[in-house]
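Open the model in your viewer and keep the selection tool at hand. The stops below tell you what to pick next.

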Amino acid sequence: RSELAPKEIMSSGGAEDDIPQAERKTVTDFCYLLDKSKQLFNGLRDLPQYGQKQWQSYFGRTFDVYTKLWKFQQQHRQVLDNRYGLKRWQIGEIASKIGQLYYHYYLRTSETSYLNEAFSFYSAIRQRSYYSQVNKEDRPELVVKKLRYYARFIVVCLLLNKMDVVKDLVKELSDEIEDYTHRFNTEDQVEWNLVLQEVAAFIEADPVMVLNDDNTIVITSNRLSETGAPLLEQGMIVGQLALADALIIGNCNNQVKFSELTIDMFRMLQALEREPMNLASQMNKPGMQESTEKPARRENPHKYLLYKPTFSQLYTFLAASFKELPANSVLLIYLSATGVFPSGRSDSEGPYDFGGVLTNSNRDIINGDAIHKRNQSYKEMHCLHPGDLYPFTRKPLFIIVDSSNSVAYKNFTNLFGQPLVCLLSPTAYPKALQDQSQRGSLFTLFLNNPLMAFLFVSGLSSMRRGLWEKCQDYLRKINRDIAQLLTHSRSIDQSFLQFFGDEFLRLLLTRFIFCSATMRMHKIFRETRNYPESYPQLPRDETVENPHLQKHILELASILDVRNVFLENTLDDY
């Protein structure tokens, strides 16, 4: 139903007969478009969340109607003001819905440019103060629309790394919440204050600040840029596989989150995206790209973001990804989740005997041990076991497990001879390294922002921009050398090389080796459980313990003046 039904429309214009036919038609057309747009928008909820093609035509139709509606209210603003009583917050609502459409289009396509479009609509609402009059109306539900708009705008700004805007929005949202709870004695005050706390924790999750000369914080982006991944050089024989789909799963019990994104998920999704391009120069509207205007570069891999999924949700999305995976493509599964350990002793050592990582049960588990205490011989039910992934190894599979039980996935078996790699986090970190797990895992930080992770383990919490950029350059050189080591290794498993042709996977593999080498040289990482592992195993002497690479890491430590944190003569210590 329209916010104003047609019978109320004519109130400002006296008797209905006095209204020119053309103006009456304008109002009727507007009401039709407004109703149609709401109907289509509400229908988006019913579209399946998985499967990449079914939703596209529906999205296209919804965009069409909203584009018409937006242009229509611009062209006929005067008539709609006089005859319909169009309020500014209603225009804000339309703009907000278009922002949401672009954001959801980004979620479904992984094309970062749509985030910029969402940002421009959300920004316009704020710049033109579309919602400013809402506070004068005695309708709490309108104020809630405004608060939700702020929360959505914050998510888009976080994803675009616009931290300065986020801080302004948080301040404004805080004032709005205070005003809202003061005016209407509502029950959702606690929930809105929780939203503020979550954003604040999210902003502060990075353990290291990069500072300009005037002490303002430098915003660093960790998406793939043109110079990001080490280039393939002549003589490097690698596979032609391309990363096409990814499942990013977050199920850690106590990690900072905002809007169904844990900090680990947030970091990993950016590691699988390119820097956004400006859409205006590139395409007209989603799904309607002219063939002549196709961007020259490869698209981002498609991805599903699953926050605390149950086993059946996870399996459904996994099966959908597997089914739609194109030829010569790779499916990536990223698991950031609490470890589930086997409860009983098992005589066998099969793919269901080592536990795995937590999947959500519909009731909260107080602790993982409480499951199946009745009978020790049963396996853990709310758990993704390595064996659960076996059916999907019929296609190239790249798995990253960040968990206290990541080693369960070391006991993988490659049944079908397809390329298969598992990168596994340390299962414990040294006590001396203060516990940062709430602010995200160190292993995932290495895969997303290796320099920041390196600074953190070196005990540094801030850094000048000039030195940061110098270290980034040096790290690019290290990445190039790691690429050389990997492709020239005589004993490395072929799976690594088959994945190495893809830019994103190449960057993840080189960062994994850098992470592993750094931890192995670090004075306080002394136990095997402090080191990342992989399946298949990497030849250590040619990769993570290679003297040439160790020399580079000491060199990087020297630039930062933290050489004393690392072992000088690592080779003698093994």
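Start with Lys257 and Glu198. Their side chains form a salt bridge, with the closest N and O atoms 3.2 Å apart. This is a predicted model. Now colour the two elements involved. Lys257 sits in strand 3 (residues 257–258) and Glu198 in helix 9 (residues 189–203), so the bridge ties together parts that are 59 residues apart in sequence. Is Glu198 buried or exposed? Glu198 is buried, at a relative accessible area of 18%; the cut-off for buried is under 20%.

Next, select Arg274 and Glu503. These side chains also meet in a salt bridge, 3.1 Å from N to O. Arg274 belongs to the loop between helix 10 (263–271) and strand 5 (302–307), while Glu503 belongs to helix 17, so this pair ties together parts that are 229 residues apart in sequence. Compare the two ends. Arg274 is buried, with a relative accessible area of 7%. Glu503 is partly exposed, with 25%.

Move to helix 15 (residues 465–488). Pick Glu469 and Arg465, whose side chains meet in a salt bridge of 3.0 Å, N to O. How many residues apart are they in the helix? Glu469 and Arg465 are 4 residues apart, which means about one helical turn separates them. Glu469 is partly exposed at 41% relative accessibility. Arg465 is partly exposed too, at 37%.

Now show Glu93, Lys97 and Lys145 together. Salt bridges link these residues in a network. How many salt bridges does the structure hold? The count is 23.

In soluble globular proteins, nonpolar side chains tend to be buried together. Here, the largest nonpolar core has 152 residues. Select Leu332, Phe398 and Ile400, the residues with the most contacts inside this core. Then select helix 7 (residues 140–159), which gives the core its largest share, 14 residues. Where does the core lie? Colour domain 1 (21–208) and domain 2 (242–277 + 299–343 + 350–361 + 379–565) separately. Both domains give residues to the core, so it lies between them.

Zoom in on Ile400. Set aside its neighbours within four places in sequence. Ile400 is then in contact with Met268, Leu332, Ile333, Tyr334, Leu335, Leu423, Phe443, Leu447 and Leu508. Show those side chains and step through them in turn. Another core, of 29 residues, lies apart from the largest one. To find this other core, select Leu314, Leu325, Leu331 and Leu389, which are among its residues.

Go on to His522. Look in the loop between helix 17 (503–521) and strand 13 (533–535). His522 counts as buried, at 3% relative accessibility. Which residues does His522 touch, not counting residues up to four places away in sequence? They are Val457, Val565 and Phe566.

Finish on the surface. Select Met209, Ile217 and Ile219, which form a nonpolar patch there. Together they have about 240 Å² of accessible area. Met209 is in strand 1 (residues 209–211). Its relative accessible area is 39%, so Met209 is partly exposed.

Terms used:
Residues numbered from 1 in each chain as written. Predicted model: local features only at pLDDT ≥ 70, side-chain atom pairs only at ≥ 80, totals over all residues. Heavy atoms only, no water. Patch = residues over 30% accessible without salt bridge, like charges linked within 9 Å, V, L, I, M, F, W, Y side chains within 5 Å. Areas by Shrake-Rupley, 256 points an atom, 1.4 Å probe, with all protein chains shown as cover. Salt bridge = Lys/Arg side-chain N within 4 Å of Asp/Glu carboxyl O. Helix = DSSP H or I, 4+ residues; strand = E, 2+ residues; numbered from the N terminus. Buried < 20%, exposed > 50% of the residue type's maximum accessible area, 1.4 Å probe, protein only. Contact = heavy atoms within 4.5 Å. Core = buried A, V, L, I, M, F, W, Y, C linked by side-chain atoms within 4.5 Å. Domains from an automatic or database assignment.
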